[in-house]
Amino acid sequence: MMGEIKETVIKKSEINKDVVALGELLIDFTENAISSQGNPVMEANPGGAPCNVLAMLTKLGHSTAFIGKVGNDMFGNQLSSALEEVGIATEGLVRDDKIHTTLAFVHTFPDGDRDFSFYRNPGADMMLTEDEIDEELIKGARIFHFGSLSMTSEPVKSATVKALNIAKENDVLISFDPNLREPLWERLEDARREISFGMSMCDILKISDNEIQWFTGETDYDSGVEKLWEAYPGIKMILVSMGKAGSTCYQKGRKVTVAPFLQDNTIETTGAGDTFCAGVLHYVLEHGLKSYEEGEMKDMLSFANAGASIITTRKGALRVMPEKAEVEELIKKNK
């Protein structure tokens, strides 16, 4: 699949943050009850995939910061407070006086899967500009994490490209989760182009089962990963999250698949992929990005799967990430 990976060495004299993420920060309105009149009661949960990742990493003891934009409105205030509450640094968070905070309404199906309706035409997260990027935050990070929602339109697309170039120039590891949301793209060809760019820039790729099938045209994940290696040889590790089928790590000619931790009290899948991603980045922060042995891959995936399993039993994600001890206890119980 690819050659030997040299262990990544951080050359900076001072690390300001373990992980800095850029992208969307929004309100997820989720159904929480039915009113006496038979109407759905919606709860305004803080959300956005990059910050979900940071929230879990913060719970695991890592220093984190977010770069993005919210409206100068009540929801922007709520989101800023939520980040501060969970310990995510907010010096990279910008306010927009004209455009409101992005909203998403989430419908949850009986099996826990979701459907999204976005109010983002435009939303404040789309309005982040190049000159609003906090360059020092990125330069002082060990890992820079991003997704594709910050690449759907300008000016945030150019801001994302600038941030990626800063990370590259300063030898910061780059983590990418496409997190495809089809309704937010005018054309899926645009999504394919921008996600391709993201893959060309990243060291670590976390991709879901449906995303890899869509992007590569392969129903077999091994074949899909082979296509990705051929097109993007700079990727050092690919993680495929497969929902109820678990997850697989691919690296330098070997792969390891670990079963999920299925629970009877699962209520929704919001944040599961983000929590999984954070579990993987936690392992990389603890051990460095190198050629892992099969046992190391298994340990990494088991921890990430367990964290994702726990979050499916809770409403929302950002504020209710599991403690490290909870994750370890679930793994212990299932050995």
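Predicted model: local features only at pLDDT ≥ 70, side-chain atom pairs only at ≥ 80, totals over all residues.
At what angle do helix α4 and helix α5 pack, and how far apart are their axes?

## Two pairs of packed helices

Two packed helices are described by the angle between their axes and the distance between the axes. For helix α4 (residues 156-169) and helix α5 (residues 188-201), the angle is about 15 degrees and the axes are 11 Å apart. Angles under 35 degrees count as roughly parallel, so α4 is roughly parallel to α5. The crossing of α4 past α5 is left-handed. On the α4 side the contact is made by K157, V161, L164, N165 and K168, and on the α5 side by R193, E194, F197 and M201. By type, the residues of this contact are 4 nonpolar, 1 polar and 4 charged.

An α-helix has 3.6 residues a turn, so residues three or four places apart point the same way. The list for α4, with K157, V161, L164, N165 and K168, can be read with that spacing in mind.

The second pair is α1 and helix α8 (residues 272-287), which pack at an angle of about 50 degrees with their axes 8 Å apart. The two helices are therefore oblique to each other. Here the crossing is right-handed. From α1, the residues A49, N52, V53, M56 and L57 take part in the contact; from α8, D274, T275, C277, A278, L281, H282 and L285 do. This contact divides into 8 nonpolar, 3 polar and 1 charged residues.

| Helix pair | Angle between axes | Distance between axes |
|---|---|---|
| α4 and α5 | about 15 degrees | 11 Å |
| α1 and α8 | about 50 degrees | 8 Å |

Is helix α1 (residues 49-59) largely enclosed or largely open? Of its 11 residues, 10 are buried, so α1 is largely enclosed by the rest of the structure. The buried residues include A49, N52, V53, M56 and L57, which also belong to the contact with α8. Just after α1 comes G61, which has a positive phi of about 95 degrees.

## Nonpolar cores

The largest nonpolar core is made of 57 residues. Those with the most contacts inside this core are L25, F66, M237, L239, V284, Y292 and M300. Y292 shows some of these links: leaving aside neighbours within four places in sequence, Y292 is in contact with M237, V284 and M300, among others. Further contacts of Y292 include Q251, R254, Y283 and M297. A second, separate core has 43 residues, among them A89, A167, I174 and L205.

N305 is in helix α9. With a relative accessible area of 6%, under the 20% limit, N305 is buried. Not counting residues up to four places away in sequence, N305 touches G246, S247, V258, A259, P260, F261 and F276.

T312 is in the loop between α9 (294-311) and α10 (324-333). T312 is also buried, at a relative accessible area of 9%. With residues up to four places away left out, its contacts are N265, T266, I267, E268, T269 and A272. T312 and T275 are 37 residues apart in sequence, while their C-alpha atoms are 9.8 Å apart in space. T275 is one of the α8 residues in the contact with α1.

Which peptide bond has omega of about 0 degrees? The bond that joins N121 and P122 does, and this bond is cis. P122 lies in the loop between β7 (114-119) and α3 (135-139). Another cis peptide bond runs from E154 to P155, with omega near 5 degrees. P155 is in the loop between β8 (141-147) and α4.

Two residues have a positive phi although they are not glycines: D171, at about 55 degrees, and N179, at about 45 degrees. D171 is in the loop between α4 and β9 (173-177), and N179 is in the loop between β9 and α5. Is each of them buried or partly exposed? D171 counts as partly exposed, at 47% relative accessibility. N179 is buried, with a relative accessible area of 11%.

Conventions
Residues numbered from 1 in each chain as written. Heavy atoms only, no water. Helix = DSSP H or I, 4+ residues; strand = E, 2+ residues; numbered from the N terminus. Buried < 20%, exposed > 50% of the residue type's maximum accessible area, 1.4 Å probe, protein only. Contact = heavy atoms within 4.5 Å. Core = buried A, V, L, I, M, F, W, Y, C linked by side-chain atoms within 4.5 Å. Axes fitted to C-alpha atoms, helices over the stretch in contact; angles between N-to-C directions. Parallel < 35°, antiparallel > 145°, perpendicular 65-115°, else oblique. Left-handed = near helix turned anticlockwise from the far one by under 90°. Nonpolar A, V, L, I, M, F, W, Y, C, P; charged D, E, K, R; others polar.
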